[in-house]
Structure formats: C-alpha cells, structure tokens
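Please walk me through the fold of this chain.

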Amino acid sequence: MSLLDDVTRVVVLHAHPDDETLATGALLAHLSRNGVEVHVLTATRGERGGVVDGVPAAQPGTDAYAVQREQELAGALVSLGVHHHAFLGAPPARAEGQVPRTYEDSGMTWVTATLAGPAADAGPRALTSADPAEVAGDVAAYLSVVEPDLLMTYDATGGYGHPDHVRLHEVGRLAAQQAGVALVEFLPREDPQDPPTGDVERLDLVGEYPVVAAALAHHRTQLTVEGGDVVHQGGQREPVLLTATLRRVSTLAVS
C-alpha cells in the first residue's frame, strides 16, 4: 500500500524559494499530474541567497531581491502545475489574532562540501530566531484552513543541514499534531541501490524531468541546469532529483 493512496490534498512545507523544485519538484509535478491538490507553503523569501554570475538581479538582502525571488518561485510553481501557494506568517498562514509578519532567511555556512550549518549572524527576524511555537502555530493555522490529507516537509537532517530546513522539520511535527494532520517526511538523496526500509517508500519519477527542468530554469538567480545536473550559485553540482523517498511519521509522539 502506497503512502499516497487515497490522498487528494497535500501541503508541502519548504524553507526558501527553489527548495520546492530542488527537493520535491518531481514529486509535486507527479502529484499534480495525478489530480492531487498541492499547496506549497514557503517560510522565507530566501533573502540571503546569492546570485549566479552574469544574471541581472537586485542586491541580496534588499526588498527588491526578495520580490525577484518571489517571482522566480511563482514561475516555478506554474511549471510544476501547482496552483496554491502561501508565505508563512501572512494570512491564511498566520495564527488567529497575530499581526502578520515576515520570516527571513537565517543564512547558513558550509561545514563540508555537502553539509550546511548555522550562520553566525542570523538576524532577529530570521526563521530560526522566532519562537518555534509561533512558527508551528502559523503552519497549523494554514493546515486548518486547507484541511489536507498530508503535511510533507523535511526530515531531521533538513536534507543537507540548513538551519531553516531543520527548524521546519521541528515545527512541522508540532503543527501536524496541533492540526490533526498526518505527517510525511521527504528524505535526503539515497544510493538508489539501497532498498527502502521500514515505513519508507521511494518513487521513481524520471519521466518528470522536462517539467522539473522547466521549473528549475525559473530560479535563475540561484542555479543553472546543465543537462541532467543542477549547478548551484556557489558552484556545487548535483543531479536533478527525479526520485522521492517518503517516510510517514507518527505525530502522536510529539510532546
């Protein structure tokens, strides 16, 4: 039995514009193509991202840059067939009675070539500077409005250690429990020769490459697509992700 059997509506929680396509683009395209109503909830505008050499862009950290990244995200979602999107902290993804707010990119540092860690200078408006209970309340508010069958977000590693991803794993568990919604984690890349274990399912979505490549092309400040590879703004190269490894989590264990 698939984790996605009888699923008609999902909320996918991501940290920054481009994460939705890099980490789950093939999955979102697959779900949309098969009639699932997909909602993407993005926590920040990726204010601290860089810019690919030669791409016209506003200065990172400015309002104009945040708007540019919002526009890139909007284009990517259209390519993926996703018609529902919200930013965390703004209604309907804001807890009742709370003044709307913007959660900002916390930044990161590279610990190794593939593992990120916290930045030393995250500001007071950063996602990781916010009270986790407040962030979870905003996610739960959105879940209560949308009433999805599943909430999907990062596992405990955040995929590659970015502190905003790790924080969303934490608050996603809390929010799922508060809203009474089943939680599914998308796991980091694995060796395709390793079979899934436990309550884990891997989907082969190689047929979604054209859609994912088109969506990635919208994030031109952050990356370029070279054949089957993504080349990030910082120079890191990785294959376009065309699988999805999913694990259902019991939210009853959250205290």
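The questions below go from the sheet to a helix and then to the hairpins.
This is a predicted model, in which local features need pLDDT of at least 70 and side-chain atom pairs count only at pLDDT 80 or more, while totals for chains, interfaces and linings use all residues. Residues are numbered from 1 along each chain as its sequence is written, and side-chain values use heavy atoms, with hydrogens and water left out.

Q: What is the order of the strands in the open sheet of seven strands?
A: Strands are DSSP runs (E, at least two residues) and helices are runs of H or I with at least four residues, numbered from the N terminus. Two strands pair if DSSP finds at least two bridges between them. The pairing in this sheet is mixed, and the order is β3-β2-β1-β6-β7-β12-β8.

Q: Which strands stand at the edges of this sheet?
A: An edge strand here has a single partner strand, so one side of it is left without a neighbour in the sheet. That applies to β3 (84–87) and β8 (200–204).

Q: Which residue in β2 stands opposite L13?
A: Strand β1 (residues 9–14) runs parallel to strand β2 (residues 37–42), and six bridges join them. Opposite L13 stands L41.

Q: At about what angle does helix α3 run to β1?
A: Angles run from 0 to 180 degrees between N-to-C directions, with axes as lines fitted to C-alpha atoms, for helices over the stretch in contact (heavy atoms within 4.5 Å). Helix α3 (residues 132–146) lies across β1, β2, β3 and β6 (150–154). Its angle to β1 is about 160°.

Q: What covers the buried residues of α3?
A: Buried means under 20% relative accessible area, exposed over 50%, and partly exposed in between, with a 1.4 Å probe and protein chains only. Among the buried residues of α3 are V135, Y142 and V146. Their cover includes β1, β2, β3, β6 and α4 (163–179).

Q: Which residue caps the N-terminal end of α3?
A: The cap involves a side-chain oxygen that lies 2.9 Å from the backbone nitrogen of A133. The residue that supplies this oxygen is D131.

Q: Which residue takes a positive phi in the hairpin of β9 and β10?
A: Strands β9 (residues 223–226) and β10 (residues 229–232) run antiparallel and are joined by four bridges. This hairpin has two residues between the strands. The positive phi is near 65° and belongs to G227.

Q: How many residues lie between the strands in the hairpin of β10 and β11?
A: Strand β11 (residues 237–239) runs antiparallel to β10, with three bridges joining them. In this hairpin G235 takes a positive phi near 100°. The number of residues between the strands is four.

How values were computed. Polar contact = N/O pair within 3.5 Å; in protein donor to acceptor, adjacent residues only side chain to side chain.
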